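Thank you all for coming. I would like to walk you slowly through one structure today, so please have a look at it before I go on.

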Amino acid sequence: MKNKIITILILLSLLIPVTIFAITGEEIIRKADEIQVFETSEASGEFRIKDRFGEKVSTFNSWSRGTEESLIEFTSRAERGQKVLRTEDELYLFFPDAEELIRMQGSMLRQSMLGSDVSYEDMTGGKDRISQYDVVLEGEENVNGNECYVLIMTAKVRTVPYPKEKVWIDKETFLVWKAEYFTKSGRLLKEMETLEVEEIDGRMIAVETRISDKMKTDTETIMIISDLKINIAIDDEMFSLEELSW
Amino acid sequence: MVLLLIAAVPFLMAENSITVDMELYNTVLRTRDTSLNSYWAYTMAGKGAISFKSTGNKNVRADISGDIIYPDSSGIPGFILQKAYIKAKFPIFRLTIGKTRLGWGDGFVFNSGDVIFGSTSPYINLTGTELRSETTWLTSVNYPLGRFSFIEGLIVAPPVSAGLGKLQESGAGIRLYTKASGIKIETGYYFDGTDRSSYDITYTETTEALSINAFHRPYISLQGNFGPDWYLNTSLAIPEFYSTIIEFIAKDTFNISFGLFHMMEAGYDNSITLRLESVILPYFNWTEEDGEAGSYAMLIYPEVSLGLGSTISLSIRSIISPIELSAQVTTGFSWNVFEGFSLLTFVTVNAGDGNDTFAWEPSADSVDGISIMTGIKYIY
């Protein structure tokens, strides 16, 4: 009996490190979110929206501070000079042709930028996926030579764009290499793939991603971030109405 | 011309960007000949807007832009100078001189806070992306008070009709823009020295011959959110000099506009935008009377837009005059096919009796209440 107890204790003790150090789905998502949040950032970028009629390119410059403040200036011809200032719970839009400053709150924050799959909320990294999704670690897979955790995320709230997501997150860098977005019934809507990464300030950052719309044929959005600088000094006035309306 | 040359200097000296925004339409409309017999007319219509914006100096900005408009019956294309301004950013304030617009108050169609240009008239083209775009020659100084507040002062040049405008015909104003308890608060005052007769300073009850050359125009504008975004503006125009009629003129010009705005997802990849605005002039007519078209106490603007993906948009916009039960309804279709290139279609229908603000067969106009426009827009 004594030997049996000792054997069980030994077996349990072998399991202890596994239990203590095994990472949970929530922790993986939290780490993946953390690498996308910077003290400050400055970048240029573009969306290449392709469909059967060709390609539309929209370009922008952006500045952000923490998870709640950002300024985006559109530089492509059709939208040139339009700016969006986002703060914690409000959005200011500036239309240079009308010299109009518009303050908005609520629903506008979740709207997509330039008709892309990226929302104003996403641009600041202000999302809190842990409070919005139930996360289950489904397993591990290799994506293009990168060992990844595979997670299933099911929405807890109705305010997220997709009720269900499946994401592949790098086991070392916590970079999202791939994601699939589903309806509640499990129908695949969109697929995201990271095409190019850059190591900036010790973090692996996706600088080129492709989003394919699985409900339409021949459509995809490529988002390219160039000249990304993080944790740099940015003047407080950058996130002000003065800069917005300039 | 001298001013134009001065304004052109930054473009000659620095880098600039040129944008052309061209819209061309085939238009079919119901109209009447001199014998008042109705017939269907066909015309081309459109305009090309050209903008030269400076880009070289981060502390100085300038823009010259104008609209070339499809020729009228004279056969000569029209030209309107929309903007010609220079802005300079100094360490503690910003200076703007030239022809441009300042957006005071809140509102897409009705904005009682817009005391400079007046945005309460029911007669507006609902096919545009910007419904109020009037500009004027002005000098403004913007002084920041922290990140989300500022004071702005301006002087508006008098209109040039015959010779130089008189000093007392100038406009001058100041506004404060700030935020408190989650609500945007904007308040200001504008001295309107012109004797123009804009919709929101029309007065109805006097029998005296009026000669009022100037008005004091205070306003307040608030904006917040309770699910949808809301905004509320109010203003009035007080005659400059005291007279026995001052009280009811100021009363007549008292106007309030308010609006609600909300965007939501509508199924996969689609969105619905809802907007509802209204302007109320409480001392105008609350009952229908002959000859009072366009001067009733209430107007309503509802708008529903459906965005299908990122390229197709369907919209229905209307100005409703509920007191006389007339309305103008514009349905629109827009398809952004190629980069900068869109196909557009608008159908505008008036529904109302002959003397209504929006009449199917207006008694004082040769154009009946229906038009169909289909065309293209290209920004390059």
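Let me begin at A:Val176, which, leaving aside residues up to four places away in sequence, touches A:Ala32, A:Val167, A:Trp168, A:Ile169 and A:Thr194. Please keep in mind throughout that this is a predicted model. A:Val176 is also listed, together with A:Ile28, A:Leu151, A:Val167, A:Trp168 and A:Ile169, among the residues with the most contacts inside the largest nonpolar core, which has 18 residues. The elements of chain A that give two or more residues to this core are helix 2 and strands 7, 8, 9 and 10. Apart from this core lies another one, of 16 residues, and among them are A:Trp63, A:Val84, A:Tyr92 and A:Leu101.

Let me turn now to chain B, which is divided into domain 1 (1-31 + 47-100), domain 2 (106-263) and domain 3 (285-380). Where domain 1 meets domain 2 in chain B, 10 residues of domain 1 are in contact with 9 residues of domain 2. On the domain 1 side, strand 5 of chain B gives the most, with 7 residues, and by class that side has 3 nonpolar, 4 polar and 3 charged residues.

Finally, how many residues of chain B are in contact with chain A? There are 31 of them, and they meet 28 residues of chain A. Strands 1, 10, 13 and 17 of chain B each give two or more residues to this side, with the largest share, 3 residues, coming from strand 13. By class, the side of chain B that touches chain A has 12 nonpolar, 12 polar and 7 charged residues.

Key
Residues numbered from 1 in each chain as written. Chains lettered and ligands numbered in written order. Predicted model: local features only at pLDDT ≥ 70, side-chain atom pairs only at ≥ 80, totals over all residues. Contact = placed C-beta atoms within 7 Å. Helix = DSSP H or I, 4+ residues; strand = E, 2+ residues; numbered from the N terminus. Nonpolar A, V, L, I, M, F, W, Y, C, P; charged D, E, K, R; others polar. Domains from an automatic or database assignment. Core = buried A, V, L, I, M, F, W, Y, C linked by C-beta atoms within 7 Å. Buried ≥ 20, exposed ≤ 12 C-beta atoms within 10 Å, placed from the backbone.
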